[in-house]
Amino acid sequence: MKRTPSVPFKHPRTVLLVAMTAAGIALPSLAVVPEADNPIFNTPANSADSCMADAYIETGGKGLKDRVGQVINCTAEDVEIAEVTVKAVDGETSSTGDFTCTLGDTIEVTADLRVRTNAAERYDTTFFVSRDLDSPQVVQQDEEACSILIPKNDFKSTGNAQNLDADQCGDIAKSGLVNDEYTLVNAVFTMTCTASPGSDRVEFNYCAAWDVQEDPANCSATGAAPGQEPSSKSKCNCDIIPLNIFIQPDPAKITKTLKSASNSGTEPMATFEYEVKIERGSTDADLVITDIDDLYRSVADSGSPKVGSSDSPILFDLDGTNMDTTIGNLTLLGADNKCYDTVPVTLTSSMPTFMCTFKVKVSDEDLPDALDPTTETPMPPAGEEEYQNFIRITSVDLNGDSIGNNTCDVTDNLTSNDEGNCSNVIAVKITNVDPSIAITKTPVAGPGLQNIGGAWFVEDQGLITYEITITNNSTVDALSLLTLTDTSVTNLLNDSSGTPACNTYPASLSANGGKFTCRYIVNVTLADGASYPNTVNVNAKDNENRRTDDMAMVTITRATPSVVLEKKVAKSGDVGIPTPAIDSASFVDSVTIDEPGGSAHPVVYRFTVTNNNTTTKEDLTLTSLEDDTLFSSVRATAAPVQRSDECAFPQTLSFGTPYVCTLVAYVDGNATNVSDTAYDDTQLVNTAFVKATSTQGKQIQSQPDSATVLFKDVPPTVTGKYGLSGTIFIAVKNTSFEAIWLSELSIFNTPVKDGNLFNGYRIVNDGGTLTGIDEDPTTPVSDAPLACEEPGYTLKLDPGEEYVCAFTVELADFNEGDFAEFQADILRGAPNRNVVVKFVDEEGTPVTTDAEVQVKTGDNIDQ
């Protein structure tokens, strides 16, 4: 079978014909061409009929079995269609001369058929055009397998066949033709949009039949077998002519796949990776992908286009951007968009699939709200915001005609536009991060408030200040406080007692550690040792109305610090050892000593101080020991030497370790109560207490405790001692004509100076009153002598001036012989044993005189 040269292939970009039965768009019904306008008969040209081989058998043709697949052996080339110029398809014209159709569709073709003859005359020329891939010369046993083109016989200059035998079917003769050809202009006929495998152009698969004999009655355009069948198996000519009608490719198969490990992410954002796969359809026609879009709708978010709504979806032009592009809650990540700059791409038999990947970030921390929790409606689970998304492409065939519906939308509120160049739907979701709040509570002020070993104590009842800190532990959402309550305060959000007050709470706490700290005051009444548990509760919600709560409890125990004193007394022994030992049983509440007490019979007091803080066991600081007698009384003085365990303050008093100390005292008393004293002389009862401070500064005082010293009667005893004191009077008068100065005043070569000692005597230079040393011993000296001048001397006597002074010499434990010797020595003026008074004049010449002495005795014992 011969093939005519193919028509050159063209690639126009202008869309001229849209035949999209695959997209759900119905083809227009084939037009009925007015008979007068068609150079071939409308019937059977525009209706399905039998092909040439079947018609040959039906009309009694010989040598061909009526069996599918049998073939007429066409070898003659008397008549042929040399060229088919398509001018319209289904009534649509094209400025480019190229047309498209959908594979398998029945199309109405308007074309110029250039008919050529290779014989002088041929009658009743008829053309059978296949409606499938089989040639019309093949037996198909199908009454609708071909269209039969019968030229009309009213010959004109153009457009119609000749009329040689006066029947309906057109004839052809070289005479009257130019180049042995004529053209059926604007012939309209139906055929099928089909082509051989590997071809994308519609094929005009035809066979020409004719009669070699002139027979005016053997051809009709109507009847059971219209037109002319071959007069023999060889009297026919077949060929396939590719037309300038291109078979449109099938719409692509588009698949969107989620490449991420999960279709779910947690707020506030998650990134999802997708893969786009576009596959060529089943036809051999090439498909050009010109645009790839990614579209999104959200299930519930009021800020995004909703699924099932008429809102326009969020659309990302995947092939058109390599920059981060944010629309609403979504961001196309440009650096990860591998679909960028990939189109146009042509899907061919050798490259039938196109694939690319991209990533989209969903930023959403405002998820669907929860219902307010009630007893009937518990808090719902974590919210989800679902984003449904799909791919939509624009594609054309090689002529630029659109393929498939690029306005399809599979997530809107219409079902009529679901079909088209849209992929399957992928659903990804952002799930709620549950809110989380934490509250801490700490007492910060109160009567002696302290923390010991993690437990809280106060030393007294009263006002306690609590500090609370509320922390938003959510990594995503801010929190709004709903309630804040305390065991003792119904609504802390209205409380203004503390600083900062809790009623200054903020509108919201920011995520990732937003805090609010406030204080409030509670008046706590507690018995000693009792505890006060106190609980604070907080309730909050996030922006999805989901709730979170927390509580904190603090227990405060009242533990009043206490110290206990025990006071005992014993007779004091050797303080250097010391005795009695501090833990001796000799220390008792009452002890008896010999009267009158004093240094001869010292006593020692023992004080035992115990830390009585059995609850807190905290240290105390002893600050003082207070005793009503020690040592602020005439009846008790501190011994000059104390023991090594003498009481000293301050002292740290630890729980479990008493502080024990002593004081040694001289106490006075009498076995008989003396009437002229204001106290009971027979006993000394003194009471003591200690003072201390707690670690919080609280002043503490112990209970008082007493000890008693009794005085025992002691019989009297007598001892004797004697003493001598002699007052030496000196009277010197300057009888010379010039002034003199004192240069020496001594006794037994010892200068007169208060406190000087010589030979067991002591000088007391304190003046005195003397009588009887003048002519009249009974007459007192007119001037009471003052103490004598002591070295270095400054005394000056002018002529006629007199100097009088006196000093005393004391002698203890003397006897009569000592006194006589002393007096005698003084009176005799023996060398080195007398009183010397020496003056000098201005030349330094000494003037001496012996003193006149009067001795006056008196008791000077213990003085």
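**Figure 1. Overview of the predicted model.** Buried means under 20% relative accessible area, exposed means over 50%, and partly exposed lies in between (1.4 Å probe, protein chains only). By this rule, buried residues make up 48% of the 863 residues in the protein. This is a predicted model: local features need pLDDT of at least 70, side-chain atom pairs count only at pLDDT 80 or more, and totals for chains, interfaces and linings use all residues. Residues are numbered from 1 along each chain as its sequence is written, and side-chain values use heavy atoms, with hydrogens and water left out. The protein has 3 helices and 50 strands. Helices (H or I, at least four residues) and strands (E, at least two) are DSSP runs, numbered from the N terminus. The accessible surface comes to about 39300 Å². Carbon and sulfur atoms hold 48% of that surface. Areas come from the Shrake-Rupley method with a 1.4 Å probe; for residues, only the protein chains shown count as cover. Of the contacts with a separation of 6 or more, 72% are between residues 24 or more positions apart. Contact means heavy atoms within 4.5 Å.

Figure 2. Axes are lines fitted to C-alpha atoms, for helices over the stretch in contact, and angles run from 0 to 180 degrees between N-to-C directions. Two strands pair if DSSP finds at least two bridges between them. Strand 2 and strand 4 (residues 106–117) run antiparallel and are joined by 9 bridges. Within this pairing, Thr-85 stands opposite Asp-112, and Val-84 stands opposite Leu-113. Strand 2 (residues 79–89) has 8 of its 11 residues buried, so it is largely enclosed by the rest of the structure.

**Figure 3. Asn-186, a residue with positive phi in strand 8.** Most residues other than glycine have a negative phi, and most peptide bonds are trans. Asn-186 has a positive phi of about 55° although it is not a glycine. Asn-186 is placed in strand 8. Its relative accessibility is 31%, so Asn-186 counts as partly exposed.

**Figure 4. Asn-512, a loop residue with positive phi.** Asn-512 is not a glycine, yet it has a positive phi of about 60°. The residue sits in the loop between strand 27 and strand 28 (515–524). Asn-512 counts as exposed, at 57% relative accessibility.

**Figure 5. An aromatic cluster.** Ring pairs link Phe-127, Phe-189, Phe-204 and Tyr-206 into a cluster. Rings of Phe, Tyr and Trp (its six-membered ring) pair if their centres lie within 6.5 Å; planes under 30 degrees apart count as stacked, over 60 as edge-to-face and the rest as tilted. The structure holds 9 aromatic pairs. In one of them, the rings of Phe-204 and Tyr-206 have centres 5.5 Å apart and planes at 40°, so the pair is tilted. Phe-204 is buried, with a relative accessible area of 0%. Tyr-206 is also buried, at 0% relative accessibility.

**Figure 6. Lysines over tyrosine rings.** Lys-256 lies over the face of Tyr-274, at 4.1 Å from the ring centre. Lys-567 lies over the face of Tyr-605, at 4.9 Å from the ring centre. A charge sits over a ring if NZ of Lys or CZ of Arg is within 6 Å of the ring centre and within 35 degrees of the ring normal.

Figure 7. The 5 strands follow the order 24-25-30-29-27, and the pairing is mixed. Strand 24 (450–452) and strand 27 (480–486) form the edges, each pairing on one side only. Neighbouring strands of this sheet are turned by 30° against each other on average, direction ignored. Strand 29 (residues 531–541) and strand 30 (residues 547–558) run antiparallel, joined by 11 bridges. Val-538 has Asp-550 in strand 30 as its bridge partner.

**Figure 8. Two cis peptide bonds.** The bond from Thr-43 to Pro-44 is cis, with omega near 15°. Pro-44 is found in helix 1 (residues 42–45). The bond from Glu-595 to Pro-596 is also cis, with omega near 0°. Pro-596 lies in the loop between strand 32 (590–594) and strand 33 (603–611).

**Figure 9. Thr-750 and its contacts.** Thr-750 lies in strand 43 (residues 750–751). Thr-750 is buried, with a relative accessible area of 12%. Not counting residues up to four places away in sequence, Thr-750 touches Leu-745, Asn-756, Leu-757, Phe-758 and Ile-763.
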